[in-house]
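Grab a pencil and work through a few exercises on the structure below. Try each task yourself before you read its solution.

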Amino acid sequence: MVKSSSDNVELSDYLRSRRARVAPDQVGVTAKKGRRVPGLRREEVALSAGLSVDYYIRLERGRVANVSEAVLDSVARALQLDDVERAHLFHLARPQSLAQASQCITLQRVRPGAHTLLEVLCDAPAMILSGRLDVLDLNRMARAMFADFSAMPARDRNLARFTFLNPVARELHLDWNKSACMIVTGLHLYAGRYPNDPQLSELVAQLSDSDEDFRRWWAAHDVEEFSHGTRRYLHPLLGEVTLNYENLIFPGDPEQWLYVSTAEPGSPSSESLQILASGIEELGD
């Protein structure tokens, strides 16, 4: 869950999770026989990062404020973080103020021009998502291909809630575990940027209470940007459909993404999307 206290709990949990996954031999440490600690010890991270053991312990406990960029870079190298993980570490170590967070997370209205763009994409399922994965807007193809979020109560128009709480999602996604786990890693990235978002806290609490998979994946503290990729679906009318997706951030609205799904030209999935688009046109929906 997203927590709030005088200590930086999220930073503490994240550093411990990253330390546990690095094998001693990856940083030139010879592990003694019978070693019980998974991954690195705190003193080994401190040595590798060029920090005092006391300072790193306080950092991992979330009790160090105003951490320098040089220190965070050293810790990122010691823990062998990739670019996304490194950025997440910086966000956790330097959380936004409540005023900054409130200003960003409340700006969730879709511009008229962005809504028009959705409608122009008449042959491809497209949605506008918030960083918290709220479905802010979607076109007719997305309603027909995935789910009619616009018909749901406002609170339920969230990709994470749909994926973990709606049985339709488990039937729709052929690789449900992969898609669902990716959603959790994306939410963790958002949590690093906006740890004080009350709606995120409510979402995480609800999903943690309701779903064992979510609870396990959230506790792992893995992060990933799903900027593009491929997903497979089992549509009730079209059968199996494979779609490529792209996440495009709107200039001026960094917490809103255009999520567009397309099929390889000439593929059976492309023909399926054409059938879906034709059906929508005929129905006038």
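## Exercises with worked solutions

**Exercise 1.** Work out how far apart the mean positions of the positive and negative charges of the protein are.

*Solution.* Start with what gets counted: Lys and Arg are positive, Asp and Glu negative, while His and the chain ends are left out. Each charge is placed at NZ of Lys, CZ of Arg, CG of Asp or CD of Glu. For the 32 positive and 39 negative charges, the mean positions come out 10 Å apart.

A word on the ground rules: this is a predicted model, where local features need pLDDT of at least 70, side-chain atom pairs count only at pLDDT 80 or more, and totals for chains, interfaces and linings use all residues. Residues are numbered from 1 along each chain as its sequence is written, and side-chain values use heavy atoms, with hydrogens and water left out.

**Exercise 2.** Find the order of the strands in the sheet, and name its edges.

*Solution.* Helices (H or I, at least four residues) and strands (E, at least two) are DSSP runs numbered from the N terminus. Two strands pair if DSSP finds at least two bridges between them. The 5 strands make an open sheet with antiparallel pairing, in the order E2-E1-E5-E4-E3. At the edges sit E2 (135-138) and E3 (228-235), each pairing on one side only.

**Exercise 3.** Why is E5 described as largely enclosed by the rest of the structure?

*Solution.* Check the cut-offs: buried means under 20% relative accessible area, exposed over 50%, and partly exposed in between (1.4 Å probe, protein chains only). Now count: 8 of the 10 residues of E5 are buried, so the strand is largely enclosed.

**Exercise 4.** Is Asn196 buried, partly exposed or exposed?

*Solution.* First locate Asn196: the loop between H11 and helix H12 (198-210) holds this residue. Its relative accessibility is 31%, so Asn196 counts as partly exposed.
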